[in-house]
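Subject: Structure handover

Hello,

Here is the structure for your set-up work. Please look it over first; my notes follow below.

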Amino acid sequence: MGRTQHTGRIKLPMRPDTKLWVSKRPFGLGLTKPHHIRDTMKAAWDNRDNLAYAYRILTQGVCDGCALGVSGLYDQTLEGPHLCTTRLNVLRLNTMPAISERLLHADIEELRKLSSAELRRLGRLPYPVVRERGEMRFRRLSWDEALTRIADKARAVDPKSIAFYLTGRGITNETYYAAAKAARWIGTNNIDNASRICHSPSKTALKRSIGVGASTCSYKDWIGADVLVFWGSVAANNQPVSTKYMYAAKRRGTRIIVINPYREPAMDGYWIPSIPESAMFGTKLADDFYQVNIGGDIAFMHGVIKTWFQMEEERPGSAIDHAFVERHAHGYEELRAHVQQQPWELLESSSGLSRERIREFATLLAEARTGVFVWSMGLTQHRFGTDNISQVANLALLRGFLGREHCGLMPIRGHSGVQGSGEMGADPFSLPGGEFSPEDAERLERLWGFKLPDWQGDIVGVSLENALLPEGHERKLKLFYTSGGNFLETMPDPASVKASLEAVELRVHQDIVLNSSALLDAAEEVILLPAMTRYEQPGGGTSTSTERMVYYSPEIQGPRIAEARAEWDIFGELAARVRTEGAEASAVRFRDAAAIRAEIALAAPYYRGIERLGKRGDVFQWGGAWLCEDGECPTPDGKAKLIPVELPELRKAEGRFYATTRRGKQFNSMIYGEKDSFNGADRYDVLIHPEDAGALSIREGEAIVVYNRGGVFHGRAKLAPVAPGNIELFWPEGNVLFAAGQYEPFAGIPEYNASVAVERADTFHALKDAKYVEKRVEELETDVPE
């Protein structure tokens with residue numbers, strides 16, 4: 001871990017810089033852009049019945065939106081207040097009253113007519129309810145009845161047929177830890193979380209490359225770095241407060257580069273509401289865009305490294321930091337031999353970029369003394385996601401961009417607190433403070449006082465698929481307990497997910513609102529449990545940001561849902577009811593949140609200090625300002641590893657496109673508007689390059705059909721600056737095109753990319769007979785075999 005401590009907030013420059021302005025039109029009038037003032041007023045109107053409470057949440061609590069770690073209105077990076085529309089959109093989940101009994105107990109078919117956005121607006125879950133198979137309405141339960149039913153079921157089935165899942169919905173470290181402990185006490189290792197579905201390749205790759213699976217630097221390191229690279233990440237859209245850091249970086253001379261198939265308008269220019277100059281005239285963020293093919297990042301990075309080796313032959317020391325590599329890394333010669341055998345023609349066709357453009361980027365990095373690489377799901381959610389991140393690590397190691405100021409590797413998180421989920425052990429591959437290994441299991445058994453199950457748990461996608469296993473199979477999923485989450489709208493192939501969810505005997509949805517998945521049938525029964533928000537949690541709670549800052553968020557006085565309970569308390573009581581034998585049963589229940597923090601400090605030694613957090617504003621950063629400080633990595637010999645990465649096969653027949661998804665006006669799967677604030681697209685628009693559309697005789701706004709062996713998507717063409725041969729759809733609407741059961745081999749992340757055919761809707765329907773799609777897919781199918 002690092003020795004240097006974070007040095008605190010810095011000031012923004014006061015004088016404007018007209019060179020960074022997007023437009024001289026005040027507030028970007030007439031341009032397609034977010035309307036922050038209007039959205040703020042809308043949030044105030046939506047919360048008008050609880051404005052005082054909403055204000056206290058914003059000014060006292062730690063943000064439950066993205067994982068930048070804004071505490072109240074301030075963070076540890078910049079002076080001045082920070083507030084974004086993402087946080088304002090989530091705010092109503094915390095202030096709205098309970099759903100009325102008339103609506104909660106309405107006919108299930110009437111509720112199913114509502115979208116998840118409409119269900120969310122009905123109000124908070126007020127008390128436990130149950131719906132048995134064949135019943136058309138939810139019935140009220142007492143907490144004792146609900147937990148008794150769940151505990152009885154857990155005792156009656158094999159622990160391997162039980163699975164838990166925790167979403168990123170404002171969940172605290174205390175809840176993740178209590179759930180991880182409760183699951184193991186109950187006897188199952190099938191526990192998973194939202195972070196692993198998004199960033200497991202990041203953790204896996206960083207662990208094997210540098211020995212630690214977290215961001216090695218802080219947001220402050222963006223400001224003053226020579227180059228800041230966003231790779232498959234649209235931070236301006238998904239983490240809006242980060243635009244303030246980008247503005248500060250631009251004012252310090254940092255060059256911002258975006259590598260993404262789509263020239264994202266949010267990264268081109270952004271109106272930052274908390275900076276007067278930017279709020280008026282906008283700020284140009286990206287200096288350049290490199291529009292790689294979907295899945296072409298490894299080829300692009302191979303080209304960069306290959307260029308560096310050529311530069312070294314021409315002038316030694318011009319591209320690679322040999323002193324750093326010799327002192328702090330293994331595998332240089334193996335990597336060089338592997339990269340040099342890659343033919344340029346293949347690297348160009350796979351990446352979608354010319355040798356000249358690749359050399360531009362390689363030269364930029366070679367001339368930079370410092371650099372930070374930031375990435376998100378554009379790199380991770382591939383069947384080769386871990387290799388993508390290992391390639392990014394290779395670039396950083398060859399340039400020595402590790403363990404010092406303005407340098408680092410940052411998997412930016414999309415949810416508040418999810419960095420802590422695996423660190424708390426809510427993960428089939430992790431235990432609190434360590435991995436799922438015999439050594440860590442023995443360590444936890446000594447602390448917890450009971451034997452842990454010694455079999456490997458399943459990732460949540462596999463757990464869901466296990467619901468369809470034949471009767472008698474020990475891993476047939478019979479009890480699925482999910483804290484938040486809506487797999488019907490977040491996982492590939494919604495139809496197969498629906499079949500799996502309905503095959504589970506008992507499904508428990510612990511949440512604050514209704515969503516579409518909670519309304520599905522179950523083989524026996526569905527139970528809904530009302531949870532508290534983080535701001536209602538007695539004794540407060542903590543969350544860990546992307547940069548490893550552990551923030552304390554206090555309990556905030558305000559209205560309460562009478563029967564809602566702290567999630568950590570629910571998990572503890574359930575576990576104690578499932579297994580009551582021995583004095584150890586009391587060990588899975590905690591008297592208060594402070595007791596959980598005290599135990600976390602023992603279970604995860606690098607979290608020592610969490611036990612001292614107890615009042616508003618308390619925060620510490622585990623690991624210091626930089627992990628791997630001075631190049632010293634937490635590996636057996638203190639050195640990093642350069643890893644030769646194979647080029648993924650991305651064959652594509654004529655007439656096929658690579659398809660992926662992007663986020664619009666939403667927070668995770670919670671959609672807050674039908675129109676994208678940055679490009680004016682609606683939820684069923686398909687972003688396609690004008691030349692590709694022209695070749696198919698498709699005009700702007702025309703109805704089109706996108707299809708493959710996975711499914712069929714009906715939408716409209718939106719001409720946009722997407723890399724030719726690629727299309728983008730909105731998520732989760734586009735999930736029908738992605739096949740279930742395709743997981744990255746090292747980290748188990750689902751694949752959210754596919755090869756598809758695109759046709760005009762009139763052509764598709766005119767030619768379509770019973771076997772048209774099947775025949776066309778068979779003709780064009782070139783997907784890599786599993």
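Two strands pair if DSSP finds at least two bridges between them. Strand β3 and strand β4 (residues 191–193) meet that mark, with three bridges in the parallel sense. In that pairing, Tyr165 stands opposite Asp192 of β4. To get from β3 to β4, the chain goes through helix α8 (residues 173–186), and this β-α-β crossover is right-handed.

Please keep in mind that this is a predicted model. The average pLDDT of the protein chain is 93, and 96% of the residues score at least 70. One stretch to flag is residues 782–786, where the pLDDT is below 50. That stretch still has 11 contacts in the model beyond near neighbours in sequence.

Back to β3. This strand covers residues 162–166. It also pairs with strand β15 (residues 479–483), again in the parallel sense, over five bridges. Here Phe164 stands opposite Tyr481 in β15. Five of the five β3 residues are buried, so the strand is largely enclosed by the rest of the structure. Both of its faces are covered. Ile162, Phe164 and Leu166 lie on one side, with Ala163 and Tyr165 on the other.

Helix α11 (residues 242–251) is another enclosed element. Nine of its 10 residues are buried, so the rest of the structure largely encloses it. Just after α11 comes Gly253, with a positive phi of about 95°.

Next, the annotation. UniProt, in an unreviewed entry, lists residues 124–576 as "domain: Molybdopterin oxidoreductase". Over that range the chain is 42% helix and 16% strand.

Last, Gly385. Is this residue buried or exposed? Its relative accessibility is 0%; buried means under 20%, so Gly385 counts as buried. Gly385 lies in helix α20, which spans residues 385–399. Leaving out residues up to four places away in sequence, Gly385 touches Pro201, Leu379, Thr380 and Glu744. Asp630 is 245 residues from Gly385 in sequence, and their C-alpha atoms are 27 Å apart in space.

Best wishes

Definitions and conventions. Residues are numbered from 1 along each chain as its sequence is written. This is a predicted model: local features need pLDDT of at least 70, side-chain atom pairs count only at pLDDT 80 or more; totals for chains, interfaces and linings use all residues. Side-chain values use heavy atoms; hydrogens and water are left out. UniProt positions are given in the numbering used here, feature names are shortened, and annotations may be inferred rather than shown by experiment. Helices (H or I, at least four residues) and strands (E, at least two) are DSSP runs, numbered from the N terminus. Buried means under 20% relative accessible area, exposed over 50%, partly exposed in between (1.4 Å probe, protein chains only). Contact means heavy atoms within 4.5 Å. pLDDT is the predictor's confidence in each residue, from 0 to 100. A crossover is right-handed if, with the strands pointing away from the viewer, the path from the first strand over the helix to the second runs clockwise.
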